[in-house]
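Please look at the sequence and the structure below, and keep both in view while reading this briefing. The notes that follow are grouped by topic.

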Amino acid sequence: MGPAALVLPVLLLPLAVAAGGPEVRSLRGSWQLRSGNGSVSLRAEVPGCVHTALLCRGLIQDPYYRFNDVTYRWISLDNWTYSRTFKTPFDVRKWQKVNLVFEGVDTVAQILLNNVTLGRTDNMFNRYSFDITSVIQEVNFVEVRFLSAVSYAAEQSRCHKAHSIPPACPPPVQKGECHVNFIRKEQCSFSWDWGPSFPTQGIWKDVRIEAYNHYHLIYFSVTPFFAKSAQQWYLEVESIFDVVSSKPIAGLVTVNIPKLQTQQTFSVKLQPGEGSIVLLVNINKVYFRTVELVQEPIPGSPGLSFYFRINGRPIFIKGSNWIPADSFQDRVTYDTLRLLLKSAADANMNALRVWGGGVYEQDEFYDICDEIGIMIWQDFMFACALYPTNQNYLESVRAEVSHQVRRLKSHPSIILWSGNNENEAAIASNWFSIPSPDIGVYIKDYVTLYVKNIREIVLSEDKSRPFVASSPTNGLESVKEGWLSQNPYDTHYGDTHFYDYSSDCWNWTVYPKTRFASEYGFQSWPSFSTIEKVSSPEDWSYTSNFSLHRQHHDGGNIQMLQEIGRHFKLPQNPDPVKKFKDMIYLTQVMQAQCIKTETEFYRFSQSEIINGEGHTMGALYWQLNDIWQAPSWASLEYGGKWKLLHYFAQNFFAPLLPVAYEDKGVLHIYGISDLHEDHKLTLRVLVHAWSSLEPVCTLDEEGVIAKAQSAVPIYKESISDLLERCRNCTRKSCVITFSLVGEDGLQSPTNHYFLSSFKDAVGLEKTQLSVSVSQQDDTYIFVLQTTAIAPFVTLDVGSIKGRFSDNGFLMTEKKKVIVFYPWEPTSVEELESSLILTSLLDIV
Ligand code: BMA
């Protein structure tokens, strides 16, 4: 898909009665910060948090270094205070109302101005606005007195007398804090199975004073709708005002869209207090992105479909899951976001799911997605837990949801609101061993929170996109079963999450033939250059304390070893550091190959129903990015470096791709196409003996049709026939590669099918890989030469930022040209001296 929609600048011209615009002054910049007892006192930047302030002043080391997550636990257990003085930048007597507005406070704080308590905060996802008209003076002293989020959560849990709200604590392997479900704060900040515990305190978004007379615009959004009856588009332009006059304000509003030569004027009347006006603007000759979540019967299959129809077309959703890009949100810059999101688009992804255990991302995140055509499945921030539903909590959540929907709904990139991550499954599968007589209370809580509150607000604020209560869910079937289905993982309905670390990941039959795979994955280690930055030489082994410490998923390091051991020989190098690097390499190869197999399975299942299952219309693997340098399911390392999986994703998500799988001794090749037209192509199948760069046999199947937006069988041959046809081949000695080639340059990536495990392969020879590097404009060209077939050839330039055009590939030709796209200035010399070339046979 191209850009998700047309984004239009809409100008709202002021009401006729307006008496000059508001005065707005940001209070961002330098504040004072002190610890609870005043023993630590320093200057701190706002927006920011205590950890980054301490780091900036050199009072702590890099919190990500070695075991510092545990060492620095004291920071989040203390109660810190931010303060500053400021001069009022305008004459307050001229204004009817002056507010102090916090775009985001993390999290529990008492806010004071000139020693007067303005109020309290307890939700990092809310915006807080305090009326300071009668408190503000010429010179002011503002204080934000935080209470430790950890103590607050514990206290809330203690006070919650009704019934326990599990889980109390994360598993010990995560070294995290307890009761995160009692605080409206980034849930993974108390630790996760891929992330450290850094329960930050700070003013994490902008803070400002604003002064106005008569009225002030608080929210502004534009959502397009298509009126079927009139066959016309219209824009719903919604403005939420605070009106301070005691009488209604009448006036004229002109909506002017210069690009569409649209200008319409409305007369409006604003009532005193907070209220909204909704203007409907008719639009001609232009289209906007539409989205429907289609859940309807499928012939030959029980259950319902679950797919997105975008702009009238069924779209196969390809992508991954987004988690917070850093434990310290103030370090997440526009450039960080752009690099990660661009990497997603460069890997042929068209969508990401903003997962419910992190944060609603900053505006820039959605701006970039709007621009580069990444569709967003947006969770509300609840994950893997049960949640309270007492009055205060619900009120806080209600404010959060309406704020976030109002803030985000103008973004065409968002295609779905989803109530939570895995909380339907948590109850349905009874993760927390709730005795059956008590379960009714939790079901009631669930419906109260996600249906009666969150869903209701979403539907009233935004009718332009669908809502599901959870992920995974059975969609309409869950609704029918009272919002909690017996089995939210049912392949006949909705989406599924699937993890299996004990089966052979090369075997596609272990995967669920689901309607929509919204989570699945395997772990790997980030590259050595990334790990090196947060470790010391004594840490550099797969079984060091450090390697154990960074692994937050119980048994994760062993699971990776087992998965590798199925198909590869495990490293035996006597040099421990080399052995560690070899392990890292193999974890990445394994992860890439596993997720390739699983994703290709989901893609080739899109157009068929087998035994009632199929019509898979989405593949979002777990997870796109990393929060720190540690083993995880991510395909992008902390800092943005591409793991082998991300290079593989670029191929397995290619718009045109042939995919092979084996069923009962027969090799099937499917042609998968996301293109909007059918294409007549040639399927080229090559069989190589591992021992030779010359193919043993070549087959060109002409006139193959890659059907638009489909996956269709294009080739079939029994493996025994194929081996016979290609003389001297056995499963162990040969490998199959194949691609689709068309006229006018249309070409798929070259895909491969392994007929045996590498540990059993016969004929592979150690290769001499050579490379020459040269510069061409802003890129660097790497010309690789090999003397033998080389599996999983990997180019690694350490900490030089950038990405290659391909990596981790199977080299079956003597020569291959790879382009390096640098993300910052570098040189041929620097690249040459950093380059490490590895292929499978280098691992001993
Ligand atoms: C899913 C996610 C995350 C988790 C991942 C890997 O359940 O929703 O909670 O990080 O699996 O275990």
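Cysteine 729 and cysteine 734 are both buried, where buried means under 20% relative accessible area, exposed means over 50%, and partly exposed means in between, with a 1.4 Å probe and protein chains only. These two residues form a disulfide with their sulfur atoms 1.9 Å apart, a disulfide here being a pair of cysteine sulfur atoms within 2.5 Å. This is a predicted model, in which local features need pLDDT of at least 70 and side-chain atom pairs count only at pLDDT 80 or more, while totals for chains, interfaces and linings use all residues. Residues are numbered from 1 along each chain as its sequence is written, and side-chain values use heavy atoms, with hydrogens and water left out.

**Disulfides**

- A disulfide is a covalent bond between the sulfur atoms of two cysteines.
- By the distance rule, the count comes to four disulfides, and when the bonded cysteines of the protein are numbered in sequence order, the pairing reads 1-2, 3-4, 5-6, 7-8.
- The link of cysteine 729 and cysteine 734 has -90° about the S-S bond and is left-handed.
- Cysteine 697 is joined to cysteine 726 by a disulfide with an S to S distance of 1.8 Å, and this link, with 65° about the S-S bond, is right-handed.
- Because cysteine 697 lies in strand β37 (residues 695–706) and cysteine 726 lies in the loop between α16 (719–725) and β39 (734–741), this pair ties together parts that are 29 residues apart in sequence; helices (H or I, at least four residues) and strands (E, at least two) are DSSP runs, numbered from the N terminus.
- Cysteine 697 has a relative accessible area of 12% and is therefore buried, and cysteine 726, at 1%, also counts as buried.
- A disulfide also joins cysteine 169 to cysteine 178, with S to S 2.1 Å, and the torsion about its S-S bond is about 105°, so this disulfide is right-handed.
- Cysteine 169 counts as partly exposed because its relative accessibility is 40%, and cysteine 178 is partly exposed at 24%.

**Cysteines too far from a partner**

- The cysteine sulfur closest to that of cysteine 49 is in cysteine 56, but it is 10 Å away and therefore too far for a bond; cysteine 49 is buried, at 4% relative accessibility.
- For cysteine 384, the closest cysteine sulfur belongs to cysteine 188 and is 11 Å away, so the distance is too far for a bond.

**Helices α13 and α14**

- Helix α13 (residues 556–567) and helix α14 (residues 576–604) pack at an angle of about 70°, with their axes 10 Å apart; axes are lines fitted to C-alpha atoms, for helices over the stretch in contact, and angles run from 0 to 180 degrees between N-to-C directions.
- The two helices α13 and α14 are therefore roughly perpendicular to each other, since angles of 65 to 115 degrees count as roughly perpendicular, under 35 as roughly parallel, over 145 as roughly antiparallel and the rest as oblique.
- Contact, meaning heavy atoms within 4.5 Å, is made by Met560, Leu561, Glu563 and Ile564 of α13 and by Met583, Leu586, Thr587, Met590 and Cys594 of α14.

**Helix α6**

- In helix α6 (residues 363–372), the residues Phe365, Tyr366, Ile368, Cys369 and Asp370 are buried.
- Just after α6, glycine 373 takes a positive phi of about 80°.
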